[in-house]
Structures are given as C-alpha cells and as structure tokens.
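Please read it beside the structure itself.

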Amino acid sequence: MYQGVLVDNFNAYSVPIGDLPVGKHEFEFEVNDEFFAHFEGSEVLSAAVRVCLDVEKSSEVSHLLFGMEGTATVECDRCLDELELPVEFDGELMVYLSTSPTVSKGEEEMEEDDTVFLLAGESNLNLAQYIYESICLSLPMQRVHLDDEHGNTTCNPEMVAKLKELQGEAQQIKEANSPWSKLKNL
Ligand SMILES: [Zn+2]
C-alpha cells in the first residue's frame with residue numbers, strides 16, 4: 001500500500017484533499033532535477049516532467065487521476081553516458097478520508113497499491129513519493145542508447161571500443177582454455 005509521506009522538501013507536491021470541497025479540481029506539478037536529488041539512490045540524474053492531476057472528490061472518497069509526461073535522464077547501461085528517456089505515465093489513486101465509516105470497518109481488506117487512507121486530522125496528501133515511484137516505474141528496464149538508422153550503436157564510441165577490446169580478450173582467454181587449443185598445439 002502506498003503511504004503518504006510528509007517531507008519538508010516536498011511541500012509543493014502536497015494536495016489538501018481533506019479541505020477540498022466536493023467536486024472536481026485540477027492541479028499541476030513540475031518535476032525537475034532538484035526533485036530527484038532528494039531521493040537517495042535515485043537512478044534519475046535529471047528530469048523535466050509535467051504532472052497533471054484531476055481530483056474528483058465525494059464525501060467519502062477522492063478519485064485522483066494522474067497524467068505524467070516529459071523526459072528523464074539516466075545512465076546508459078552499456079556506455080554509462082547520459083541517456084534521455086521519454087516519461088509517459090497514467091495512474092490513479094483512491095484516497096479515503098478516515099472520517100468515512102466504511103474505512104474504519106474494512107480497512108485491512110481494502111488495502112491496495114492504489115489506495116490511500118488519510119488519517120484523522122490529516123487533510124494534506126503529499127504526492128512526492130507516488131510521483132517519484134511512478135516515474136521510475138515508467139522507465140524501461142533496459143536503458144541503452146538506441147542504434148542509428150544504419151544499425152550502429154549511438155553509445156559513447158570510446159566506451160564501445162573499450163568494451164570490444166575487453167570482449168576480445170575474454171574470447172582469447174576462453175579459446176586458450178578450451179581443450180581444442182591444446183590439440184592445436186600438438
Ligand atoms: Zn550508451
């Protein structure tokens with residue numbers, strides 16, 4: 001289950017869900033390099049992502065619809081140079097207010113990844129952690145510079161040359177250790 005975290009640095013990513021009047025509301029957030037710098041161990045080196053949030057609030061529950069779009073820069077898995085990736089993520093969260101009677105009864109069973117419960121007396125929901133995780137999730141598992149139209153890698157050429165050298169050495173060692181190489185020397 002996603003827990004709303006309150007971090008001083010992320011006040012700008014707080015939404016006063018509890019205080020909003022019933023109805024529809026729109027919010028917008030900008031996510032930049034500084035945002036990711038606050039997350040220890042973040043793989044994102046820099047980013048420019050716009051987060052649009054539509055809130056539909058009723059008396060017991062608020063329905064949050066997110067649209068995130070922009071770019072994030074990470075390290076290339078092959079050459080370690082910077083690699084800019086597109087970010088596109090749509091998500092939703094259900095936020096239950098603890099004042100609603102259904103929450104206190106079935107809370108255990110209702111726990112899901114996309115469900116948040118605001119505690120009594122809490123009206124602000126901080127979305128920084130959710131936004132961070134959503135952007136990280138939207139990035140592909142394999143982060144490598146794409147090949148150009150000729151099928152050549154666009155990775156840092158120096159690094160590619162070094163990698164090829166290392167691969168060649170590994171191949172030579174493998175061949176030297178194979179039983180066939182001993183036969184060849186007979
Ligand atoms: Zn690369």
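**Notes on the fold**

1. The chain has five helices and seven strands, where helices (H or I, at least four residues) and strands (E, at least two) are DSSP runs, numbered from the N terminus. From the N terminus on, these elements follow the order β-β-α-β-β-β-α-β-β-α-α-α. This is a predicted model, in which local features need pLDDT of at least 70 and side-chain atom pairs count only at pLDDT 80 or more, whereas totals for chains, interfaces and linings use all residues. Residues are numbered from 1 along each chain as its sequence is written.

2. The strands build an open sheet of five strands in the order 2-3-4-5-6, with mixed pairing; two strands are taken to pair if DSSP finds at least two bridges between them. Strand 2 and strand 6 are the edge strands, each pairing on one side only. On average, neighbouring strands of this sheet are turned by 20° against each other, direction ignored, the axes being lines fitted to C-alpha atoms, for helices over the stretch in contact, and angles running from 0 to 180 degrees between N-to-C directions.

3. Within the sheet, strand 2 and strand 3 are antiparallel and joined by nine bridges, and F29 has V51 of strand 3 as its bridge partner. Strand 3 also pairs with strand 4 in the antiparallel sense, over twelve bridges, and these two strands form a hairpin with three residues between them; V55 stands opposite L64 in strand 4. Strand 4 is in turn joined to strand 5 by 15 bridges, again antiparallel, with T71 opposite P86 in strand 5.

4. Which strands of the sheet does helix 3 touch? Helix 3 packs on the sheet against strand 2, strand 3, strand 4 and strand 5, and its direction makes about 135° with that of strand 5. The buried residues of helix 3 are A128, Y130, I131, Y132, S134 and I135; a residue is called buried if 20 or more other C-beta atoms lie within 10 Å of its own, exposed if 12 or fewer, and partly exposed in between, with C-beta atoms placed from the backbone. Over the chain of 186 residues, 19% count as buried.

5. The largest nonpolar core has 29 residues, and those with the most contacts inside it are V31, V49, I131 and I135; such a core is a set of buried Ala, Val, Leu, Ile, Met, Phe, Trp, Tyr and Cys residues joined through C-beta atoms within 7 Å. Helix 3 gives the largest share of this core, five residues. Leaving out residues up to four places away in sequence, I131 touches Y13, F29, V31 and V51, a contact being two residues whose C-beta atoms, placed from the backbone, lie within 7 Å.

6. L80 deserves a look at the backbone. This residue lies in the loop between strand 4 and strand 5, and its phi is near 70°, a positive value in a residue other than glycine. Most residues other than glycine have a negative phi. L80 counts as exposed because it has 11 C-beta neighbours inside 10 Å.

7. V144 sits in the loop between helix 3 and helix 4 (157–177). Because 14 other C-beta atoms lie within 10 Å, V144 is partly exposed. Apart from neighbours within four places in sequence, V144 is in contact with C76, D77 and R78; V144 and R78 are 66 residues apart in sequence and 6.1 Å apart in space, C-alpha to C-alpha.
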